[in-house]
Amino acid sequence: MAEITFIGHIGKDSKIQFDQNGSPRLSFSVCDTKSKRLQDGSWEKLREQWFNCTLWGTDAEYFADRLLSGDKVKVHGEFYTRDYDRGNGPEKSMDVTVTGVSIIKKNEKNKQRQQGGNQPFDAVQHNRQSTPTQPVWEQPPTEPQGWDAAPPF
């Protein structure tokens with residue numbers, strides 16, 4: 001599978017379901033839009049791509065009531081396409097099995113200013129390796145593995 005990381009906005013509130021084994025699965029859609037500002041100050045949408053995202057396990061439960069319509073998020077995961085047909089010809093679905101997600105929130109100063117452009121953000125993160133009760137930044141460091149590990153000599 002190919003890996004993908006993108007930033008976009010949640011299309012509608014996330015939906016949690018449980019499979020036959022009781023494992024939680026959270027489904028949500030994210031729109032990645034590319035726009036440019038015109039001389040008159042308005043925006044022109046150049047392209048739009050929707051991704052169907054699925055998050056499993058304790059992460060699904062953690063984010064079930066946190067991923068809401070309109071939220072800006074950064075998503076990382078395994079990307080694949082799926083063919084389907086709704087009766088008007090074959091189409092492709094862009095699907096992501098999520099391995100990490102961040103909710104991006106504007107900090108309070110920027111909310112008060114209400115200015116456009118690039119503004120700093122505060123990110124609330126939760127990754128598959130963490131537990132819902134302990135944020136990633138509070139976890140003890142782990143020993144490097146793989147390419148980061150000390151050489152064997």
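Here are a few notes on this predicted model, working from the overall fold down to one serine.

1. Before you start: residues are numbered from 1 along each chain as its sequence is written, and side-chain values use heavy atoms, with hydrogens and water left out. As this is a predicted model, local features need pLDDT of at least 70 and side-chain atom pairs count only at pLDDT 80 or more, while totals for chains, interfaces and linings use all residues.

2. The protein has two helices and seven strands, in the order β-β-β-β-α-β-β-α-β along the sequence. Those elements are DSSP runs numbered from the N terminus (helices: H or I, at least four residues; strands: E, at least two).

3. Now for the pairing, where two strands pair if DSSP finds at least two bridges between them. Strand 5 (residues 72–85) runs antiparallel to strand 1, joined by eight bridges, and E3 sits opposite E78 in strand 5. Strand 5 is also antiparallel to strand 6 (residues 90–106), with 14 bridges; here Y80 has D95 as its bridge partner.

4. Is S14 buried or exposed? You'll find S14 in the loop between strand 1 (2–10) and strand 2 (15–18). S14 counts as buried because its relative accessible area is 13%; buried means under 20%, exposed over 50%, and partly exposed in between (1.4 Å probe, protein chains only). A polar atom of the S14 side chain lies 3.0 Å from the backbone oxygen of A64.

Key:
Polar contact = N/O pair within 3.5 Å; in protein donor to acceptor, adjacent residues only side chain to side chain.
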